[in-house]
Amino acid sequence: MTINFFGGRLKAVRKAKRLTQLELSQRLGVSKGTVSAYEQGLSYPSLETLVSICSILDTSADYLLNISDDLPFKMGGLTDEQTESILRVVSLIEKANETLNDLNEK
């Protein structure tokens with residue numbers, strides 16, 4: 001089993017959190033080159049470092065390791081009404097994707 005997707009997912013989540021490779025490397029206590037190597041699939045973090053990455057980026061190892069496609073995110077500071085509105089939009093997008101997939105299969 002290869003984990004070629006790890007680097008891409010790490011990079012995407014890092015960018016979504018608006019962190020540079022340098023900022024992430026400093027928080028992890030590793031070099032910028034090490035983070036770059038992770039993102040390029042040239043090397044992989046230790047379990048301890050993986051746990052730190054997940055904590056810093058507020059994501060799950062399951063997502064980074066492609067065990068799950070669920071990308072967890074927090075909606076802190078939003079009212080219940082705002083949260084519900086966001087969840088409705090997400091639901092509409094999921095339904096639209098299902099419809100497109102059904103049409104493409106025909």
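**Ring contacts and backbone features of a predicted model**

Reader: Does Phe6 count as buried or exposed?

Author: This is a predicted model, in which local features need pLDDT of at least 70 and side-chain atom pairs count only at pLDDT 80 or more, whereas totals for chains, interfaces and linings use all residues. Residues are numbered from 1 along each chain as its sequence is written, and side-chain values use heavy atoms, with hydrogens and water left out. Buried means under 20% relative accessible area, exposed means over 50%, and partly exposed lies in between (1.4 Å probe, protein chains only). Because its relative accessibility is 1%, Phe6 counts as buried.

Reader: Which residue forms an aromatic pair with Phe6?

Author: Rings of Phe, Tyr and Trp (its six-membered ring) pair if their centres lie within 6.5 Å; planes under 30 degrees apart are stacked, those over 60 are edge-to-face and the rest are tilted. By this rule the count comes to one aromatic pair. With 6.2 Å centre to centre and 65 degrees between the planes, the pair is edge-to-face, and the partner of Phe6 is Tyr44.

Reader: How many residues apart are Phe6 and Tyr44?

Author: Helices (H or I, at least four residues) and strands (E, at least two) are DSSP runs, numbered from the N terminus. Phe6 belongs to helix 1 (residues 5-16), and Tyr44 to the loop between helix 3 (32-40) and helix 4 (47-57). Tyr44 is partly exposed, at a relative accessible area of 35%. The pair links distant parts of the chain, and its separation in residues is 38.

Reader: The charged end of which residue sits over the ring of Tyr63?

Author: A charge sits over a ring if NZ of Lys or CZ of Arg is within 6 Å of the ring centre and within 35 degrees of the ring normal. At 4.2 Å from the centre of the Tyr63 ring, the charged end is that of Arg9.

Reader: What phi does Asn66 have?

Author: Most residues other than glycine have a negative phi. Asn66 lies in the loop between helix 5 and helix 6 (80-105), and at 35% relative accessibility this residue counts as partly exposed. Although Asn66 is not a glycine, its phi is positive, at about 65 degrees.

Reader: What is the length of the polar contact between the side chains of Gln40 and Ser36?

Author: A polar contact is a pair of N or O atoms within 3.5 Å; within protein, one must be able to donate a hydrogen and the other to accept it, and residues adjacent in sequence count only if both atoms are side-chain atoms. Gln40 is in helix 3 and is exposed, with a relative accessible area of 52%. The contact joining the side chains of Gln40 and Ser36 is 2.7 Å.
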